Every structure is written in C-alpha cells, then in structure tokens.
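Trainee: I would like to learn how to read a few computed features of a protein model. Can we start with the overall fold and then look inside?

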Amino acid sequence: MAAILEIADLSKTYDSGQQALKSVSLSIEKGEIFALLGPNGAGKTTLIGAVCGIVRPTSGSIMIGGVDLLADPRGGRARIGLVPQELSLNIFDYVGRVVSFSRGLFGKPRDPKVVERVLKSLSLWDKREARIQALSGGMKRRVLIAKALVHEPEVLFLDEPTAGVDVELRRDMWRLIGKLRDQGVTIILTTHYIEEAEEMADRIGVIDKGELILVEEKKALMAKLGKTEAVVGLAAPLDTIPPTFADWPLTLSEDKQTLTYTITAEEAENRGLAALIKALESAGIDFRTLDTHRSSLEDIFVDLVEGR
C-alpha cells in the first residue's frame with residue numbers, strides 16, 4: 001500500500017539544548033490506523049507538532065501526499081487534520097458555525113453539503129444550532145473531530161482522543177475512529193490508554209527519549225514479544241525441579257507449591273502448555289490448578305521502555 005506520510009531523519013533540539021527528537025524516520029500507509037506510544041516526555045507531542053507545522057524541526061524532511069511540508073507548509077498542512085487533547089472551543093459559539101468556519105481557515109470554499117456530511121457522520125447534525133456550552137464532554141470532542149475533518153484532510157492526528165472521558169464514551173470513540181478509517185481517513189493517534197491501541201491500531205510505534213525504538217504490525221508485535229505464563233499449583237510440594245526439566249523455562253516458588261512456566265508465542269509452537277502438562281504427567285508430578293496469562297500490549301510496552 002502507498003505511503004501517505006514519509007518522515008526522514010527528523011530531529012529537534014530546543015534552544016535549551018534539549019534534544020526532543022533524534023533522527024526519527026517513519027512511513028505511514030494510506031488508510032491505516034497507527035498508534036504512537038511513549039511515556040511522558042518521550043517526544044510524541046514534538047513529533048506531532050513538527051508534522052502539523054506547529055514545531056519547526058532542526059533537521060530532516062516531512063512529505064505528506066507528495067508535498068514537502070517544510071518547503072510548502074501551507075500546502076502540506078491543508079492535508080492534515082489535528083484533534084488536540086485540550087477542549088479548545090469557544091463555548092458561546094454554535095456547532096454548525098464553528099465547523100463551517102474551520103473549513104474556511106484552510107482556504108476551502110464554503111460548502112454546506114460537506115459540513116452536513118461531516119456533522120452527520122459524527123452524530124452532530126441535530127446539534128448544529130446548539131451552543132458549544134450546551135454539549136456534553138463527548139459531544140465537544142466530536143466537534144473537535146468535525147473541525148479537523150471539514151477541510152477533507154488525508155491524514156487525521158488524534159492526540160489522546162479519549163483523555164478524560166468515561167469508559168462507555170471511550171468505546172463510542174473507538175467505534176467512531178473505526179468508522180473514519182472505513183471512510184478512507186488515515187489516522188495517527190497518541191494515547192496513554194494502551195488498550196486503545198491494542199483495540200484499534202494496525203501498527204504500533206514506540207518512542208522513548210526522542211528515539212523511535214520500534215515500529216511493528218500489531219499482530220506481529222504481539223506474536224514476537226508477547227509471552228504466555230502458566231502458573232501450576234502442585235498437588236504436593238517439590239524440593240527441586242527435576243533434571244528432566246533442566247531446559248524448560250520453569251521456576252519453582254519459594255514455598256515449593258507452585259511452578260511458573262513462561263514462553264514466547266514462537267516457543268509455544270514447539271513446546272506449549274499441552275506439552276508441559278504431558279511432561280508433568282510423565283514425570284509423575286500431579287497438580288491441582290493451572291492458570292494462564294497472555295501478555296497484553298501494555299505488558300510489552302512496559303518491558304520495552306523499562307528495558308532501556
């Protein structure tokens with residue numbers, strides 16, 4: 001699939017000497033949902049700001065839809081929609097007018113049909129005559145998305161799209177983002193809710209200390225770095241793990257009552273839980289309980305960042 005956004009060797013050093021980005025290179029494919037994860041201060045906001053024309057990079061290049069963003073910032077910016085984390089809206093203005101005005105800011109001609117289509121797609125058409133102050137928090141966030149979409153951008157940036165909303169509303173936002181992708185919008189999101197990335201993203205990028213340390217398809221990432229842990233409650237305590245299990249990734253608890261078996265997804269293909277159970281039975285080791293846990297994306301993310 002063709003790339004819609006190409007970032008090459010992007011660096012940013014502030015006047016204070018802080019190096020916020022260190023030779024970041026990234027290619028985003030048209031029509032995908034890409035999740036950018038990283039701890040606070042990792043460089044997520046600086047990277048988004050550089051692509052959206054808010055931050056001037058020290059070096060590197062940004063191409064979006066074939067347009068050089070640094071050489072033609074206005075032309076590049078017109079291809080991007082940005083939904084900020086903060087609810088930055090004039091609460092006394094009206095929904096329809098706010099969205100229509102945003103289209104004009106990008107030099108697009110007045111087009112009531114586009115405004116209507118965007119508002120309807122976000123379930124805001126019935127609220128078009130309402131003041132912003134009369135809306136719920138979730139509806140206000142939908143207005144921000146409408147403002148970002150009304151000039152018909154090719155790429156939509158969502159900075160913490162569900163920050164400060166309840167669980168039910170977060171699920172609604174997930175469904176909405178999926179619908180936007182189905183309409184052909186390329187979506188790049190940052191989030192502290194890693195389950196959000198696990199639920200929606202096609203690919204995951206992890207940034208830490210200004211460096212992009214990993215970019216991977218979500219399924220491949222889960223398979224490569226994910227682990228399965230089985231906790232076996234023994235029927236009788238073991239003094240030590242038998243020599244026949246010397247090359248098995250087994251640990252014995254201090255109270256001698258529990259065995260813990262930890263394997264990666266790749267290892268599970270050759271020596272999975274079924275093989276463990278069979279080996280325990282062959283060795284005459286009885287057990288009462290067997291509990292399993294499979295790594296989440298959050299487990300993988302924590303391991304990656306803490307490992308650095």
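Mentor: The protein chain has 11 helices and 14 strands, where helices (H or I, at least four residues) and strands (E, at least two) are DSSP runs numbered from the N terminus. The radius of gyration, taken over C-alpha atoms, is set against a globule rule of 2.2 Å times the number of residues to the power 0.38. Here the radius is 25 Å, well over the 19 Å that the rule gives for 308 residues, so the chain is more spread out than a compact globule. Its C-alpha atoms fill a box of roughly 80 × 45 × 35 Å along the principal axes.

This is a predicted model: local features need pLDDT of at least 70, side-chain atom pairs count only at pLDDT 80 or more, and totals for chains, interfaces and linings use all residues. Residues are numbered from 1 along each chain as its sequence is written, and side-chain values use heavy atoms, with hydrogens and water left out.

Trainee: What percentage of the 308 residues count as buried?

Mentor: Buried means under 20% relative accessible area, exposed over 50%, and partly exposed in between (1.4 Å probe, protein chains only). In this chain 44% count as buried.

Trainee: Which residues is G81 in contact with, leaving aside neighbours within four places in sequence?

Mentor: Contact means heavy atoms within 4.5 Å. With those neighbours set aside, G81 touches A148, H151, P153, V155, L156 and F157. G81 sits in strand β6 (residues 80-83) and is buried, at a relative accessible area of 0%. Between the C-alpha atoms of G81 and K147 there are 8.1 Å in space, against 66 residues in sequence. For the whole chain, 68% of the contacts with a separation of 6 or more join residues 24 or more positions apart.

Trainee: Which residues line the largest cavity?

Mentor: On a 1 Å grid over the protein atoms alone, a cavity is a set of points where a 1.4 Å probe fits but cannot get out, and lining residues have an atom within 4 Å of a point. Points are joined across faces, edges and corners, and the volume is the space filled by probe spheres set on them. The count is 1 cavity of 30 Å³ or more, and the largest cavity holds about 60 Å³. Its lining consists of L5, I7, L26, I28, F34, L36, L47, I48, V51, F157 and I188.

Trainee: Which element gives the most to that lining?

Mentor: α1 does, with 3 residues. At least two residues each come from β1 (3-13), β2 (19-29), β3 (33-37) and α1 (44-51).

Conventions
On a 1 Å grid over the protein atoms alone, a cavity is a set of points where a 1.4 Å probe fits but cannot get out, and a pocket is an open set with protein on both sides within 12 Å along at least five of seven lines; lining residues have an atom within 4 Å of a point.
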